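Thanks for coming, everyone. I'll walk through a few side chains and what surrounds them. Have the model open while I talk.

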Amino acid sequence: MELKITCIPGDGIGPEIVAEAKKVLEKTACVYGHKMIFTDILMGGASIDVHGVPLTDEAIAVAKSADAVLMGSIGGDTTKSPWYKLPPEKRPEAGLLGIRKALNLFANLRPAILYDELAAACPLKEEISRAGFDMLIMRELTGGLYFGERRTTVENGLRKAVDTLTYDENEIRRIAVKGFDIARKRRKKVTSVDKANVLDSSRLWRQVVEEVAKDYPDVTLEHMLVDNCAMQLVKDPAQFDVILTENMFGDILSDEASMVTGSIGMLASASLNDTKFGLYEPSHGSAPDIAGKDIANPIATVLSAAMMLRYSFDLDREADAVEAAVKQVLKDGYRTGDIMSAGCRKVGCSEMGSLLAERIS
Ligand code: NAD
């Protein structure tokens, strides 16, 4: 297959971790007989420095012409960088919001996996973490409370604020379809999370998810209230496969799920539109405190690249090979500083990328 990939190295550790993900992808392409064509674009602070804005129309056009986008991270030290003296719409983060909007990325996927070798980093009790977990949070990204009408008023001397949570059935259906499609590539279970005992938007969510489920008889659907889900994530995370939920619930639950893995440098993410197109990036930020030192952990970006192979290109075998290389490298005792533990060998970002590439087979 010939695959056109737009890369956004971005700021801070972004260029270092994207270089290692490219190294792993190039090896994968070589082993499995694909051709990958990479084109870099500027975004965030790197674009501000050159063009005065965090994202240009030309960069968006290049991203749109690709089959998928692989990103490092954008942004700088928010207390020191001159980028944060600019008005909000000119700051690095505006580039990220801009590209999500331009590419219509409405579905956010964040896997939370506990690797056996990193179990000691998990903050849960050993009797819970022993079972391991491998879940994926599928969050609606462009609707709900964060995008509804809002206002703050003063009525009879009393300050009052209103936010509105709106979903229509099409917005719910398209994310539900993505959730069920992805569950089919995994352990075939969807937990739809809502607050249907209180909210109308959640009752509609539940109805539409049930309608979509009829087309997926091979996938098990269960409903869970969001407060119960928050508890279950720390009580019995092994029960989850795909958690399907709306924007705000997903925002909170995905951070909770990340925390229980205990390893920020390992967490991938993807944002998809209604075609196979997606933007893939690590869940962490640009870590300006360690930029340029060759000590960042590139694994979250490498695992994001594996998601790209699986979800944008349907190359499941190749994605499996990348994920297996990550497991093998951990098993072989190699660690970057952030996941270092006694008895392991500490390596830098570039060496970690090479070790991963060597293990692609
Ligand atoms: P951060 O995730 O960049 O860093 C938090 C801590 O984790 C730091 O100590 C950092 O050194 C460490 N860390 C992060 N990734 C690591 C890796 N791969 N390997 C080793 N250690 C790693 O969060 P922050 O410090 O709050 O934010 C820094 C910048 O990143 C800000 O400008 C913020 O806006 C931006 N940011 C961007 C994105 C994005 O591009 N999607 C997401 C989050 C934050």
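Let's start with Arg-310, which is buried, at a relative accessible area of 10%. Keep in mind that this is a predicted model. What does Arg-310 meet in a salt bridge? The partner is the side chain of Glu-323, at 2.8 Å from N to O. The two sit in distant parts of the chain, with Glu-323 in helix α11 (residues 316–331) and Arg-310 in helix α10 (residues 299–312). They are 13 residues apart. Glu-323 is partly exposed, with a relative accessible area of 25%.

How many salt bridges does a search of the whole structure find? It finds 29. I'll take a few of them.

Go to Arg-173. This residue forms a salt bridge with Glu-169, and the closest N and O atoms are 2.9 Å apart. Both residues are in helix α6, four residues apart, so about one helical turn separates them. Both are also partly exposed: Arg-173 has a relative accessible area of 27%, and Glu-169 has 40%.

Now a pair between strands. Lys-189 and Glu-222 meet through their side chains in a salt bridge, 3.8 Å from N to O. Lys-189 belongs to strand β8 and Glu-222 to strand β9, so this pair ties together parts that lie 33 residues apart in sequence. Glu-222 is partly exposed, at 25% relative accessibility.

There is also a network. Salt bridges link Asp-134, Arg-186, Arg-187 and Asp-241.

Next, helix α8, residues 226–235. Which of its residues are buried? They are Val-226, Cys-229, Gln-232 and Leu-233. Look down the axis of α8: these buried residues fall within an arc of 110°, so they line one face of the helix. Turn to the face pointing away from that buried side. There you find the exposed residues Met-231 and Lys-235. What covers the buried residues of α8? The cover includes four strands you can pick out by number: β5 (134–140), β8 (189–194), β9 (220–225) and β10 (242–245). Helix α9 (247–261) is part of that cover too.

On to the rings. The structure holds two aromatic pairs. One of them is Tyr-167 with Trp-205, in an edge-to-face arrangement. Their centres are 5.8 Å apart, and the planes make an angle of 65°. This pair also links distant parts of the chain, 38 residues apart. Tyr-167 sits in the loop between β7 (158–163) and α6 (169–184), while Trp-205 is in helix α7 (residues 200–213). Are these two buried or exposed? Tyr-167 and Trp-205 are both buried.

One more ring. Arg-174 lies over the face of Phe-106, at 4.0 Å from the ring centre.

Last stop: Ser-47, in helix α2 (residues 45–51). Ser-47 is buried, with a relative accessible area of 0%. Where does its side chain reach? It reaches the backbone oxygen of Val-53, at 2.6 Å. Leave aside residues up to four places away in sequence, and Ser-47 touches Leu-42, Gly-52, Val-53, Pro-54, Leu-55 and Thr-56.

Key: Residues numbered from 1 in each chain as written. Predicted model: local features only at pLDDT ≥ 70, side-chain atom pairs only at ≥ 80, totals over all residues. Heavy atoms only, no water. Buried < 20%, exposed > 50% of the residue type's maximum accessible area, 1.4 Å probe, protein only. Polar contact = N/O pair within 3.5 Å; in protein donor to acceptor, adjacent residues only side chain to side chain. Contact = heavy atoms within 4.5 Å. Arc of directions from axis to C-beta. Phe/Tyr/Trp six-rings, centres within 6.5 Å; stacked < 30°, edge-to-face > 60°. Lys NZ or Arg CZ within 6 Å of the ring centre and 35° of its normal. Salt bridge = Lys/Arg side-chain N within 4 Å of Asp/Glu carboxyl O.
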